[in-house]
Amino acid sequence: MLTSSCNAFLDRLASGQPVPGGGGASALCGALGAALGSMVCHLTLGKKKYADVQQDIERLLQQAESLRAQLQDLVQQDAVAFEPLSQAYGLPKSTPEELAHREEVMARCLRDACQVPLDIMEVCTQVIAMLEELAQKGSRIALSDVGVGAAFCHGALEGASLNVYINTRLMKDRALAQQMEQKADSMLAKWLPRASQVVEAVTASLRK
């Protein structure tokens with residue numbers, strides 16, 4: 001999905017095609033946050049002023065690049081997971097046999113369509129944690145980029161959660177739906193405030 005140009009991706013996102021959608025866009029937003037973290041690390045490495053944190057910055061750079069790669073892959077995974085679901089809606093349901101088959105396929109597709117945005121959320125929480133540390137140790141000349149990355153991850157986390165909820169509401173297995181919703185709720189409750197705190201701290205530092 002991300003092998004095309006940014007313009008091609010945005011054109012497809014803006015079209016009436018089912019994928020990419022909000023889940024893939026959320027993953028891309030998180031990947032942008034991770035990429036900004038990598039940029040700040042690169043701008044900090046080798047600087048005498050930050051000699052005492054060089055090992056930490058090297059570790060953070062490795063984390064940022066790993067998380068970016070995961071989120072880029074999740075853009076594609078979201079498309080792969082949603083495509084069967086979009087097709088399942090069109091399955092026939094005129095007979096009891098057709099209806100049973102449709103419900104079986106829908107259950108599987110809805111579960112898969114929920115799991116990918118949950119994975120997106122999980123990786124975004126790790127990006128936020130990386131940016132929290134980078135806000136303390138990264139180059140001050142790129143501090144705003146840490147804040148932008150955190151803002152992107154805030155949006156990615158919230159956006160991915162919406163893609164969980166739109167699918168859990170259709171699940172017949174309410175126990176599984178509740179389990180997935182609670183997992184999303186827990187990540188939102190813990191990590192949205194932490195992402196906001198990074199943005200607020202960066203803003204306060206820049207406005208001194």
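In this predicted model, helix 2 is followed by glycine 46, a residue whose phi is positive, near 80°. Most residues other than glycine have a negative phi, and most peptide bonds are trans. Proline 20 is placed in the loop between helix 1 (6–14) and helix 2. Helix 2 itself has 23 residues, and the distance from its first C-alpha to its last is 33 Å, close to the 33 Å expected at 1.5 Å a residue.

The overall architecture can be described next. The protein has six helices and zero strands, and its pattern, read along the sequence, is α-α-α-α-α-α. Taken along the principal axes, the box filled by the C-alpha atoms is roughly 75 × 35 × 30 Å. Of the 208 residues, 41% count as buried. When contacts between residues at least 6 apart in sequence are considered, 74% of them join residues at least 24 apart.

Helix 2 takes part in a pairing with helix 5. The axes of helix 2 (residues 22–44) and helix 5 (residues 143–168) come within 8 Å and cross at roughly 160°; because angles over 145 degrees count as roughly antiparallel, helix 2 is roughly antiparallel to helix 5. The crossing of these two helices is left-handed. On the side of helix 2, the contact is made by Gly22, Gly23, Ser26, Cys29, Gly30, Leu32, Gly33, Leu36, Met39 and Val40, while helix 5 contributes Asp145, Val146, Val148, Gly149, Phe152, Cys153, Ala156, Gly159, Ala160 and Asn163. Sorted by class, the residues in this contact are eleven nonpolar, eight polar and one charged.

Helix 2 is also paired with helix 3 (residues 54–88), and the axes of these two helices likewise come within 8 Å and cross at roughly 160°. This angle makes helix 2 roughly antiparallel to helix 3, and the crossing in which helix 2 passes helix 3 is left-handed. The contact of helix 2 with helix 3 comprises 14 nonpolar, nine polar and three charged residues.

Leucine 157 is located in helix 5, and it counts as buried because its relative accessibility is 0%, where buried means under 20%. Apart from neighbours within four places in sequence, leucine 157 is in contact with Met121, Cys124, Thr125, Ile128, Met187, Leu188, Trp191 and Leu192. Although leucine 157 and glycine 23 are 134 residues apart along the chain, their C-alpha atoms are separated by 10.0 Å; glycine 23 is one of the residues through which helix 2 makes its contact with helix 5.

Cysteine 114, in turn, lies in helix 4 (residues 96–137) and also counts as buried, since its relative accessibility is 0%. If residues up to four places away in sequence are not counted, cysteine 114 touches Val164, Asn167, Thr168, Met171 and Met180. Between the C-alpha atoms of cysteine 114 and proline 193, which are 79 residues apart along the chain, the separation is 23 Å.

Note on methods. Residues are numbered from 1 along each chain as its sequence is written. This is a predicted model: local features need pLDDT of at least 70, side-chain atom pairs count only at pLDDT 80 or more; totals for chains, interfaces and linings use all residues. Side-chain values use heavy atoms; hydrogens and water are left out. Axes are lines fitted to C-alpha atoms, for helices over the stretch in contact, and angles run from 0 to 180 degrees between N-to-C directions. Helices (H or I, at least four residues) and strands (E, at least two) are DSSP runs, numbered from the N terminus. Angles under 35 degrees count as roughly parallel, over 145 as roughly antiparallel, 65 to 115 as roughly perpendicular and the rest as oblique. A crossing is left-handed if the near helix is turned anticlockwise from the far one by less than a right angle, and right-handed if clockwise. Contact means heavy atoms within 4.5 Å. Ala, Val, Leu, Ile, Met, Phe, Trp, Tyr, Cys and Pro count as nonpolar, Asp, Glu, Lys and Arg as charged, and the others, Gly among them, as polar. The expected span of a helix is 1.5 Å times one less than its number of residues. Buried means under 20% relative accessible area, exposed over 50%, partly exposed in between (1.4 Å probe, protein chains only).
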